[in-house]
Amino acid sequence: MAKQVFTRPKALKDNIFHYCPGCGHSIIHRLLAEVIDELGIRDKTVGVPPAGCAVLAYNYIDVDMGEAPHGRAIAVATGIKRTRPDLIVFTYQGDGDIAAIGTAETIHAANRGERLSAIFVNNGVYGMTGGQMAPTTLLGQTTTTSPGGRLPLRDGFPLDLSQMLAVADGSVYIERTAVTSPKNIIKTKRAIKKAFQVQMDDLGFALVEILSQCPINWKLSPVDACKWVEEEVVKSYPLGVIKDTTQAQNRMDRMKRGKRAKT
Amino acid sequence: MTKQLMRGSHAIAEAATRAGCRFYAGYPITPQNELPEYMSVRFAQLEDATFVQAESELAAINMVMGASMAGVRAMTSSSSPGISLKQEGISYMAGMELPAVIVNIMRGGPGLGNIAPSQQDYLQATKGGGHGGYRTIVLAPCSGQELVTLTIKAFDLADAYRSPVILLGDGLMGQMMEPVIFPDPIDPAALPKKDWTLDGARGRDSRLIASLHLDPTEMEQFNWKLARKYAAICERETEHESYLLDDAVVAVVAFGTAARIAKGAVNRVRKAGLKAGLFRPITLWPFPGKELRDLTRTIKSLLVFEMNFGQMVEDVKLSVGEQARVHFHGRPGGIIPTPHDIGAAITKLIHRYGL
Amino acid sequence: MGITKTIFSGFGGQGVLMMGYVLATSGMHEDKHVTFLPSYGAEVRGGTANCTITVSDEPIASPVASFPDFAVLMNTPSVMRFEGGVKSGGAVFLNSDLVELRPKRRDIQVVAIPVNNIAERLGNARSANMVMIGAFVQKTGLVSLKSVIKSVKSIFETKGTKVHKINTLALKEGAAFVKGLSGS
């Protein structure tokens with residue numbers, strides 16, 4: 001008798017992805033759906049997708065979804081989570097969304113230790129709008145708005161938002177991963193799961209930054225795009241755990257004390 | 001309930017709490033800081049209420065958006081420059097048909113302007129304010145007690161029409177103290193259930209709340225739906241006050257603080273034997289245009305008085321057409337005009353036209 | 001009585017807004033219509049404060065005063081700013097310890113009260129505003145001294161009996177000073 005070894009996760013809708021060939025979003029969507037299935041939280045999860053390519057994430061991930069204005073996903077998610085602390089709330093945001101137009105919202109949500117899980121998909125360009133320079137674009141990288149390559153004194157330096165968020169006391173878990181190889185994909189899934197677990201344990205703000213590939217706007221083949229991530233992008237954005245204070249009991253106690261003081 | 005002498009912004013906050021509001025997010029800006037301050041203390045007393053001091057006006061309105069998605073009665077407040085920042089969120093909420101109450105305690109403008117009472121945001125409030133051709137219901141209170149009743153009404157209208165509602169006051173309304181009486185609090189659990197909120201897809205299909213309509217046909221259908229909703233609001237929800245209009249030869253048309261001062265002016269000129277009255281729109285959108293037009297059967301001279309350089313006067317002219325002469329008197333700088341000033345304007349009008 | 005409007009004005013810290021608040025609260029306790037309209041924001045932080053109180057037997061149309069019936073002026077800048085606007089036949093109440101200027105107008109009554117001195121004699125310089133409000137209601141009869149004592153007690157409820165005693169004494173001394181004036 002044939003044994004089924006691969007199937008569509010329950011939290012993934014039976015729709016064909018609109019993403020370009022070789023794009024990382026479809027992989028990340030699937031990982032999210034697998035994690036939601038494995039944690040058994042499909043019926044209490046609410047997602048907030050961004051403006052950008054993943055604006056249609058609700059066509060694929062089968063949970064309640066509420067759209068946010070560009071950059072404001074974390075603020076919208078804060079409103080949902082504070083109103084219904086029993087729900088598991090995640091945001092799904094690109095680099096332009098979270099690290100440019102939504103920087104303020106993100107830093108302050110992290111600093112308040114909002115019990116949210118942020119999925120930050122970093123592909124170094126504004127994909128949906130046609131490949132303009134993002135805050136995360138590498139030095140020297142050519143985009144439609146950085147002709148001849150990103151120049152620091154003209155265009156600024158690549159922004160490492162995850163490092164910035166790690167400084168905030170309210171952030172508990174921040175990891176940077178990639179989806180370029182089976183090994184990296186497995187690590188990414190583990191990280192997403194942990195980010196959800198941190199929220200379920202009521203510990204504070206969690207974020208997974210996922211280096212993703214945008215072959216179309218990078219003007220590379222899907223395989224070369226993965227290679228570019230592994231050889232070039234990781235130089236500016238090294239993979240690995242950036243912050244993990246989930247075991248720091250005294251910090252947790254301090255936050256809980258603050259919570260009691262409020263009421 | 002006993003009377004309490006209360007500051008306007010506190011009265012709004014207490015009324016919101018009693019209306020079942022359980023989420024407030026805001027950012028400091030004068031002259032409305034007393035409102036979030038009161039909310040922070042009041043909500044700390046409640047198990048089921050959340051107060052967030054947001055990092056920006058943008059964050060505040062978007063937190064309110066999220067809370068509204070989750071089904072709770074939610075509110076934010078600000079003053080003119082802050083309301084400009086909130087317009088993005090208000091447009092999205094109109095597009096997602098999300099209820100919320102937004103309080104604008106107006107100050108002088110444009111730009112940073114000043115913190116004195118002003119009515120410079122009439123057009124912004126009544127014509128949509130942000131992008132995309134939406135409307136918000138706009139309520140304009142003119143006394144402490146009306147701050148209470150209209151705050152509660154704002155939440156009811158927001159839920160009934162799934163629409164952002166703006167409570168439009170100014171520094172004078174926000175800072176002035178008057179005796180107010182509050183109704184008993186509403187238990188949020190007793191409010192009608194909403195069947196569209198995001199609360200986890202338990203035993204049902206997953207839901208989506210979004211303003212994106214990539215298909216132009218879908219977009220058009222949605223906008224026609226909004227148009228029908230707005231038409232229904234215009235049909236049903238206009239509210240105004242008539243004061244001493246039965247025998248009047250001149251009607252002052254004014255809202256909010258300006259109407260309050262104009263009422264004093266009407267009383268003054270009445271003592272001198274001049275027949276003036278006041279027409280006060282309470283809903284600015286929908287504008288009580290039909291009621292105003294009806295008035296022109298007997299009154300042929302209208303004096304629009306606003307604390308700006310002429311905004312509502314456009315709606316007045318649209319409403320009455322050629323049926324009456326429409327005059328305008330304005331104070332746009334934040335100087336609070338006195339009943340004497342407006343009384344003089346009324347008197348001049350009556351003498352000029354031999355009314 | 002009809003509608004009576006009073007402006008209170010002085011430096012920040014002189015308890016000007018409190019005087020207005022006490023008058024409005026007392027009016028409310030007597031079931032009168034009242035409004036309390038304070039100056040606010042930068043104006044207050046600049047050092048001067050003022051408020052307009054309306055007390056009325058009928059609903060109050062405008063809380064803004066075209067020409068106030070009374071002005072309670074605690075410092076010289078306040079006299080310069082508000083003296084001219086007082087209604088003919090009205091009255092100004094001056095803190096004569098701080099205000100050297102005397103209004104030039106002949107059509108208004110001037111009541112000069114050394115409120116700082118009286119308050120200091122009672123052992124609490126900060127109760128000068130209470131001396132003034134006591135004098136004010138004694139002279140104008142807008143509300144009764146009894147209601148004022150009651151309101152002040154409720155407003156300062158959390159401050160304890162010592163404060164209440166000082167306030168009550170200050171209110172009564174202010175009233176007595178004015179009685180003495182009219183007796184002479």
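This is a predicted model: local features need pLDDT of at least 70, side-chain atom pairs count only at pLDDT 80 or more; totals for chains, interfaces and linings use all residues.

Visitor: Good. How is chain B divided?

Guide: Chain B has domain 1, covering 4-196 + 225-236, and domain 2, covering 241-352. Their C-alpha centres lie 27 Å apart.

Visitor: And how many residues are in contact between domain 1 and domain 2 of chain B?

Guide: On the domain 1 side there are 27 residues, and they are in contact with 22 residues of domain 2.

Visitor: Which element gives the largest share of the domain 1 side?

Guide: That is α5(B), with 4 residues. Other elements of chain B giving two or more residues there include β8 (164-170) and α8 (216-236).

Visitor: What's the make-up of that side by class?

Guide: The side of domain 1 that touches domain 2 has 16 nonpolar, 9 polar and 2 charged residues.

Visitor: Let's switch to the sheet. What is the strand order?

Guide: In chain B, the order is β11-β13-β12-β15-β16, an open sheet of 5 strands with mixed pairing. Because β11 (240-243) and β16 (325-330) of chain B are at the edges and each has a single partner strand, one side of each lacks a neighbour in the sheet. On average, neighbouring strands are turned by 20° against each other, direction ignored.

Visitor: In which sense does β11(B) pair with β13(B)?

Guide: The pairing is antiparallel, over 4 bridges. Within it, S242(B) stands opposite F279(B) of β13(B).

Visitor: Which strands does α9(B) lie across?

Guide: α9(B) lies across β11, β12, β13 and β15 of chain B, and runs at about 165° to β13(B). Helix α11 (residues 312-320) of chain B also packs on the sheet, where it touches β12, β15 and β16 of chain B. The direction of α11(B) makes about 160° with that of β15(B).

Visitor: What about chain C, how many residues of chain B are in contact with it?

Guide: Chain B has 21 residues in contact with 18 residues of chain C. α9(B) turns up again here, giving the most to the chain B side with 5 residues. By class, that side has 10 nonpolar, 7 polar and 4 charged residues.

Visitor: Last one: how many residues of helix α1 in chain B are buried?

Guide: Helix α1 (residues 8-18) is mostly covered, with 10 of its 11 residues buried. Among them are H10(B), I12(B) and E14(B). Just after α1(B), G20(B) takes a positive phi of about 95°.

Notes:
Residues are numbered from 1 along each chain as its sequence is written. Chains are lettered from A and ligands numbered from 1 in the order in which they are written. Domain bounds come from an automatic or database domain assignment. Two residues are in contact if their C-beta atoms, placed from the backbone, lie within 7 Å. Ala, Val, Leu, Ile, Met, Phe, Trp, Tyr, Cys and Pro count as nonpolar, Asp, Glu, Lys and Arg as charged, and the others, Gly among them, as polar. A residue is buried if 20 or more other C-beta atoms lie within 10 Å of its own, exposed if 12 or fewer, and partly exposed in between; C-beta atoms are placed from the backbone. Two strands pair if DSSP finds at least two bridges between them. Axes are lines fitted to C-alpha atoms, for helices over the stretch in contact, and angles run from 0 to 180 degrees between N-to-C directions.
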